[in-house]
Amino acid sequence: MAFKLVISLRSGRSFFLAKQGVRHLILPASGFSNILQDSTTNASDVFAGAPLSTITPSLRGNVLADVARMVDAEVNPRSIFEMGVPGHCCNGYRRGTDKMEYDWLRNGLRIVCKSSKMSWCTVRKSWEFQFKRIKIPHGEVRRVAAFDELYLVLYTPTHLYFYRHCGTFGLSSVGQRTATDGHQLRIRGGGGVEDWRFALEDILGKLDDGANSCVRLAMMPLADNRIQHALDLRCNVTQKIFNGCPLSEVTPVVRGKRLEMLTCRVDQIVNPSAEMKWPDSGYCAGGLQRRGGYRAVCDWHRDDIRVECKSSQLQWNKRLRRWSFKFPNVKVSNPPSFDELLLAFYTPWGVYIYRHDLRFGLSLCGVRTSVAGHQIQVYGPRQEADWQVALDTIINKIDESDCGRVAFIFW
């Protein structure tokens, strides 16, 4: 397929593609079908067509927490339930409702709900559930837990399983992130067991084992009306505008990997004489444990230049009532772990790729900054519900900055 460098003009749909005079590649998505329509992972296969399988993890987590609260009310019918109180961050600022340390109160007890989608670990060749950011006591950082009871929701291709955790089973630290992010809980099936049903039996057997005090509260089929009701109450505007777009039916993790591959391919087209190499994964901060391949300090090398790629989907922020992009975990330490940062903006029109200037939209992430890095946030106008108007404003804002547009891949 032949690609050529063009100058976009304000005619027809090109009005939204670039400001006049900006030189960049404009490429059809059909030229990257091997990336955008590649075979799915094991987890994507088994969850194909399952309710909640294609929505974002944050939305799914909120929906499953709502369903878990319904289950808790059924198990404790005479209890008094209240919504959680956001409270304040360590810097004194009030927390957003999406950052509460617990999800609801039952007779004054703080209940936190964590959910996890069954996934395939390619390294260990096993199915697993992973629950993150469990704020139990940790040294001088947290002397007491941020909750009184921990509820777990296991999301499988056919059912939801609800457990009350015992407080100790399966918990482990996550290195430097433990102080800010809390512990994790990872439960694996047998190694080499590819059939998720057999692996699930093994996992549930571990949770139901009398050796721990975890309690199964309920099992619910995904066809249960309560799940759809909870989803309807949290109607997702973002999902609607992406209906029918490439990559809209895959998980955010898979989408992120595909957009990284797409950006790398575009980088090759823009720099045809450069040598592209995948980096060595290296070692974690402690120097003892080797990093996983997906945790390398950069995503690829272009000759001797370390290139990092971040991607983000256009999202409607319900609390702020505006459209935005958010790129987390940007490690701009001194010295940074990369030489060049490419950003892929996933939109209903296509993918915009920019070379970031390491300043535009960059902000701290509170106490997590030292471990997780900075974030890049780009917002549309306040109270502007029309995503097309908001996106046009956002793109113009980026074009007017020192960021350089590399390409636009249109659907």
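Biologist: Which residue in strand 21 is the bridge partner of F327?

Modeller: The general idea comes first: strands of a sheet pair through backbone hydrogen bonds, either parallel or antiparallel. Here F327 has I376 as its bridge partner in strand 21. The model is a predicted one, in which local features need pLDDT of at least 70 and side-chain atom pairs count only at pLDDT 80 or more, whereas totals for chains, interfaces and linings use all residues. Residues are numbered from 1 along each chain as its sequence is written, and side-chain values use heavy atoms, with hydrogens and water left out.

Biologist: Over how many bridges do strand 17 and strand 21 pair?

Modeller: Two strands count as paired if DSSP finds at least two bridges between them, and strands themselves are DSSP runs (E, at least two residues), just as helices are (H or I, at least four), both numbered from the N terminus. Strand 17 and strand 21 (residues 374-379) pair over 5 bridges in the antiparallel sense. They belong to an open sheet of 4 strands, ordered 16-17-21-20, with antiparallel pairing. Strand 16 (315-317) and strand 20 (362-363) stand at its edges with a single partner strand each, so one side of each is left without a neighbour in the sheet.

Biologist: How many salt bridges does a search of the whole structure find?

Modeller: Side chains of opposite charge can pair when their charged atoms come close. The rule used here asks for a side-chain nitrogen of Lys or Arg within 4 Å of a carboxyl oxygen of Asp or Glu, and the search of the whole structure finds 19 salt bridges. One of them joins R306 to D339, with the closest N and O atoms 3.1 Å apart. R306 lies in strand 15 (residues 305-313) and D339 in the loop between strand 17 (322-330) and strand 18 (340-346), so the pair ties together parts that are 33 residues apart in sequence. There is also a network of salt bridges that links D267, R302, E340 and R355.

Biologist: Are D357 and R359 buried or exposed?

Modeller: Burial is read from relative accessible area, where buried means under 20%, exposed over 50% and partly exposed in between (1.4 Å probe, protein chains only). D357 is buried at 15%, whereas R359 counts as exposed at 54%, and the side chains of these two residues meet in a salt bridge (3.6 Å, N to O). In the salt bridge between R216 and D208 (2.7 Å, N to O), R216 is partly exposed at 34%, and D208 is partly exposed at 38%.

Biologist: What does the count of disulfides come to?

Modeller: A disulfide is a covalent bond between the sulfur atoms of two cysteines. With the criterion of a pair of cysteine sulfur atoms within 2.5 Å, the count comes to 0 disulfides.

Biologist: What is the volume of the largest cavity, and which residues are the closest to its centre?

Modeller: Rolling a probe the size of a water molecule over the atoms shows where empty space is left. A cavity is a set of points, on a 1 Å grid over the protein atoms alone, where a 1.4 Å probe fits but cannot get out, and its lining residues have an atom within 4 Å of a point. Grid points are joined across faces, edges and corners, and the volume is the space filled by probe spheres set on them. The structure holds 1 cavity of 30 Å³ or more, and the volume of the largest is about 130 Å³. It is lined by 13 residues, of which T54, Q239, S248, R255 and Q313 are the closest to the centre. Helix 7 (237-241) and helix 8 (252-270) are the elements that give two or more residues to this lining.

Notes:
1 Å grid on protein atoms, 1.4 Å probe; cavity = no way out; pocket = protein on both sides within 12 Å on 5 of 7 lines; lining within 4 Å.
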